[in-house]
Amino acid sequence: MENIGNTLTQLLPLIVLIAIFYLLIIRPQQTQARKHKEMIASLDKGDKVVTSGGFIVEIVKRE
C-alpha cells in the first residue's frame with residue numbers, strides 16, 4: 001500500500017501541470033478555432049471583409 005501512495009504523490013504534480021496546460025492553452029485555442037470556423041461558414045457572396053493586411057474586399061464567389 002505504501003508504494004501506491006508514493007507513486008500517486010510523484011504523479012500528482014505532473015497531473016496538475018497537464019490540467020493547467022489544458023485549461024490555459026488548449027481549451028481557449030479550440031474555442032477560438034471554433035468561433036473562426038463559424039464566422040467563415042457564415043460569410044456569403046457580397047459580404048465585405050477587412051483582411052488582416054488591411055485590405056477591404058468583397059466576396060464574389062462562394063464554393
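Read from the N terminus, the order is α-β-β. With a radius of gyration of 23 Å, well over the 11 Å that the globule rule gives for 63 residues, the chain is more spread out than a compact globule. That radius is taken over C-alpha atoms, and the rule is 2.2 Å times the number of residues to the power 0.38.

A word on the source. This is a predicted model, in which local features need pLDDT of at least 70 and side-chain atom pairs count only at pLDDT 80 or more, while totals for chains, interfaces and linings use all residues. Residues are numbered from 1 along each chain as its sequence is written, and side-chain values use heavy atoms, with hydrogens and water left out.

Now the overall dimensions. The C-alpha trace spans about 70 × 25 × 10 Å along its principal axes. Buried residues (under 20% relative accessible area; exposed is over 50%, partly exposed in between; 1.4 Å probe, protein chains only) make up 3% of the 63 residues. The accessible surface is about 6,100 Å², and carbon and sulfur atoms account for 64% of that. Those areas come from the Shrake-Rupley method with a 1.4 Å probe; for residues, only the protein chains shown count as cover.

Next, helix H1, which covers residues 2-42. Pro13 sits in it and is exposed, at 51% relative accessible area. From Pro13 to Ile56 is 43 residues in sequence and 49 Å in space, C-alpha to C-alpha. Lys37 is also in helix H1, and it is exposed at 64%. Between Lys37 and Val57 there are 20 residues of sequence separation and 19 Å in space, again C-alpha to C-alpha.

Is Val16 buried, partly exposed or exposed? Val16, in helix H1, is partly exposed, with a relative accessible area of 41%. Val16 also belongs to a nonpolar surface patch with Leu12, Ile20, Phe21, Tyr22, Leu23, Leu24, Ile25 and Ile26, about 830 Å² of accessible area together. Patch residues have over 30% relative accessible area and no salt bridge; like charges are joined within 9 Å, nonpolar side chains (Val, Leu, Ile, Met, Phe, Trp, Tyr) within 5 Å. A salt bridge is a side-chain nitrogen of Lys or Arg within 4 Å of a carboxyl oxygen of Asp or Glu.

Methods. Helix = DSSP H or I, 4+ residues; strand = E, 2+ residues; numbered from the N terminus.
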